[in-house]
Structure formats: C-alpha cells, structure tokens
Amino acid sequence: MNILVRNGTIVSDGRSFGADIYTENGWIKEIGQKISQSADEVIDATGMYVMPGFIDTHTHFDLDLGVTITADNFDTGSKAAVIGGTTTVLDFATQDRGMTMQQALELWHKKARGSSCNYGFHMAVSEWNAEREAELDLMVEQGVTSFKMYMVYDSMKADDGQIYSALQAAAKRGCLIGVHCENYEVLQARIAELKAEGKTSPEYHAVSRPNDVEAEGIARLMRIARLAKTPAWVVHLSTREGLEEALRARARGQLVRLETCPQYFVLDDSAYLQKDAERFIMSPPLRKRADCDAILCAMAKGDIDFVGTDHCSFTMEQKALGQGDFWKVPNGGAGVQNRAELLYTYGVKTGMLTIEQMSSLLSENAAKIFGMYPERGRLATGCRADITVFDPNCKREISCKTNLHNCDNSPYEGVEVDGCARHVVLNGRLVVKNGALVEAGQGEFVFRKPGLEG
Ligand code: URP
Ligand code: ZN
Ligand code: ZN
C-alpha cells in the first residue's frame, strides 16, 4: 500500500517544516515538496501536524491481579491506543511468582495477538534471583530489553538488595529497569493508622501515600543506582519532591530517565471528593496542583524524558471489590486513548511546551531510550511508516462513552480537550481515517535492541 500525506507540518528531530510524505509498503520512501507520486490513499494534512507515531511507554493490558483482570485486553486497549494516535505501546508483561520470564513472555505474545497497534514488552519481575538473572540474555535475544521492579504491592515487591543486583545485571546487557518508587513499610503503617481511625474512603488513598512516600523511594533508588553504577529509570513520576531527588542525582552525574503520565499534570487530589472517586484510585495517587505545575515545568525544561499513560483500567463493578476500603480497590485507571490530546491541551495550548517537545515526549525520546530508533520515533526516508496526523483544531469532551476502551469510567470524564489524531498510518496502512478506526488487527511485535543511550 502507498500513502501520500500532503501539505502538513512535519514535526520530527526537534524541528517543524512544511512538506509531503510518501510511504510505500510500510516504509517512508520520500519527504519533500509537492511530491507527485500516485498513491492508494492521499491525505490532505493542511493545518495539521504530521508526527512520528506516538509511543506509550506504560500500559497494562490483560493484567491479572488475582482478584480481578484489567477491563482492557489487547483487543480493546490497542484500539483505544491507535485511535488516540498511539502506534506502539510498551506493555508490562508480568512474571508472577512461580513463573519464569520466558513463560510470561510467551503468555504476553498470546495475549497480544490481533492487536490493533504495534506492541513491545517490558518485563515486570516479581522475584529476583539467580534463575531470573540467567534469563536476561534470553529476553534480550527476543527483543525485550527493559524491565520493571516494584518497591510495593505484596505480590510484586522486591527488596533493595534485589533491585541493586538486578540493576547491575541489566546494565551489563545494555538494559534498563524502571522502578515503581514508594516506601512500602511506611505506606503499610499509614494504611493501618487510617484504618484504625475509620478513614476508609477514597480520599484517604492519597493520604496514605503522600509525596514523601514517593520521594523517599526515588531518593533510595538514586542511591542504589549510584552504588550499582547504573542508570535509573523512575516510572510514573508524580511529585515535586520526587522530581527534586531525581534532579539531585542528575546533578551528581547520574543518568536518570524520568517518565510521567497525564494524570499527574491534568488531575489533582480534589478528585477524591467526587462521585465514584474509586476511579481515581491509582498508585501513585493524584497530587496537589503545585505538583502538576512542577511536572509541567519539568517537561518544559526537558527534565522529563517521556509521557506514558499507566493505562490499567477497571470497571466500577471491579472497583467496588474494595467494598468501601480504599486499600482493597484495584489500582489503576484508563488513559491510553487520551494522552496526546491531554498533552497538547495542557502543554502546547497553554504555551508551556512547543509542538516539537510534544513530539519528543510522545514518541522520539521513548524510541531512543527503548531501542526503537531510528526506525520509529522519527520521520525520515528509510524509517517505518508509523505516522500520526494530529489536528490541532478539533475540540471535544472526554467521556468513557466515546472512548474505545472497554471501561465504564474514565479519570478524565468531562475534561475538555483540544486536538485529536485525525489520521493514523500504522506499518504503512491507513488504520485511522478522519478520526475513525477503519482497519483493526494490524499491529506487529516490536523487537527492541539493547544499548543505553547516554
Ligand atoms: O495504580 C496503578 N498504577 N496500577 C498499575 C500498576 C503500577 O503500579 O504501575
Ligand atoms: Zn507502578
Ligand atoms: Zn503501571
């Protein structure tokens, strides 16, 4: 299939310019002025931005928590992703205790079959030992070059020694480990205090894990990574204090990768007083407006590397499994469809970010850091034809009723946004045309290379 995207503003490699793009059989063949090739599909991108397909660095599709399974699987999650302009998700394959990483990887390949966007896997590790370490080379051989460890959650928690030795083993192979940074013991003690006081409603979720719970975890990770002499990657950064700890480590000369998510610059903890506030129960929790501002400023300064969604959706019926106790509510929210429009509205429209920064935060930086560049995350001759044509002129109100995710709630319900993915080219096929999904199931596995970008 051949596609010609005409008259748009191409945003790639930190610059913008007016040009046409011509793709052939999945690859970009030509970028230039007034390309005259005939094509199966011609897209008029006048007044629109033509960007490298967006990469979501953080999704949990078809994740089994034991008590329940996420509302979105790869079928529904990937459709929501691609209609929002995301051409690749990096989903967390999860090695549960008693399972090998290889088994988890095979299971995730099965789950992802028929995906409507491209997908790669980070491997979330629930137990670190010699056996897991021995599997790292096998993961790299199969294109999985990034991992996640958790300081919290009873079924996933790793101790500091395990994180230290895993960081060393991963870095030796050019792999990154993202860490969910929160202080488990303090958080358990605070939950026990709140429980004893009868404070069980959703607002106390945020009270149980205040900013210092995250900042302490980040400070600790920074010191562990320094001792291990490895890079560090903080997933879903949410606080000003956590940011300060990471910046302090960078000032010492450490290589630190920072990810944040729209919920940490769009929403704040006043949401916990709303109706159905269980839909905002996620970890880390929503923060104060001052934290949202700090995260936006950090993006503007280039201190944050990429924006993922941490899409981990549960219906209100699933959220009700908490039976009124905040610590029992399944953690997570839906967001995979809304990342670009939220970043555009809260970042670019407000003048905090340039359109080039938006492109870097949504695609280019992730492609570089996670071993997909320059095939993806870039628009140039010879790159993969994953292209998002972003229309800055549309306006809408986010609602779970119009989102494609399989969930009866959204943390962004009622939020008004500017901009939308008007057309999406995935592996050289026009899969979203004028805002509608016209071809499903075209996603491919993205095999990623190791190698730590300096
Ligand atoms: O609440 C969240 N974020 N759930 C998903 C798991 C995680 O910690 O990323
Ligand atoms: Zn996490
Ligand atoms: Zn997550």
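The legends below describe close-up views of a predicted model. Residues are numbered from 1 along each chain as its sequence is written, while chains are lettered from A and ligands numbered from 1 in the order in which they are written. Local features need pLDDT of at least 70, side-chain atom pairs count only at pLDDT 80 or more, and totals for chains, interfaces and linings use all residues; side-chain values use heavy atoms, without hydrogens and water.

**View 1. The surroundings of ligand 1.** Ligand 1 is surrounded by 13 residues, each with a heavy atom within 4 Å of it. The closest are Lys148, Tyr153, His180, Ser283 and Asp310. By residue class, this shell holds four nonpolar, seven polar and two charged members; Ala, Val, Leu, Ile, Met, Phe, Trp, Tyr, Cys and Pro count as nonpolar, Asp, Glu, Lys and Arg as charged, and the others, Gly among them, as polar.

**View 2. Polar contacts of ligand 1.** A polar contact here is a pair of N or O atoms within 3.5 Å. A polar side-chain atom of Lys148 is 2.9 Å from an oxygen atom of ligand 1. The side chain of His60 has an N or O atom 3.2 Å from a ligand 1 oxygen, and a polar backbone atom of Gly332 lies 3.4 Å from an oxygen of ligand 1. Of the 260 Å² of accessible area that ligand 1 has on its own, the protein covers 96% (Shrake-Rupley method, 1.4 Å probe).

View 3. Donors are N, O and S atoms within 2.8 Å of the metal (3.2 Å for Na, K and Ca); water is not among the atoms, so sites may look incomplete. The zinc ion (ligand 3) is 3.9 Å from the zinc ion (ligand 2). Lys148 belongs to strand E9 (residues 146-150) and His180 to strand E10 (residues 176-180), so the pair ties together parts that are 32 residues apart in sequence. Helices (at least four residues) and strands (at least two) are DSSP runs, numbered from the N terminus.

**View 4. Backbone features.** Ser283 and Pro284 are joined by a cis peptide bond with omega about 0°; Pro284 lies in the loop between helix H9 (263-266) and helix H10 (289-301). Asn7, in strand E1 (residues 2-12), has a positive phi of about 65° although it is not a glycine.

How values were computed
A polar contact is a pair of N or O atoms within 3.5 Å; within protein, one must be able to donate a hydrogen and the other to accept it, and residues adjacent in sequence count only if both atoms are side-chain atoms.
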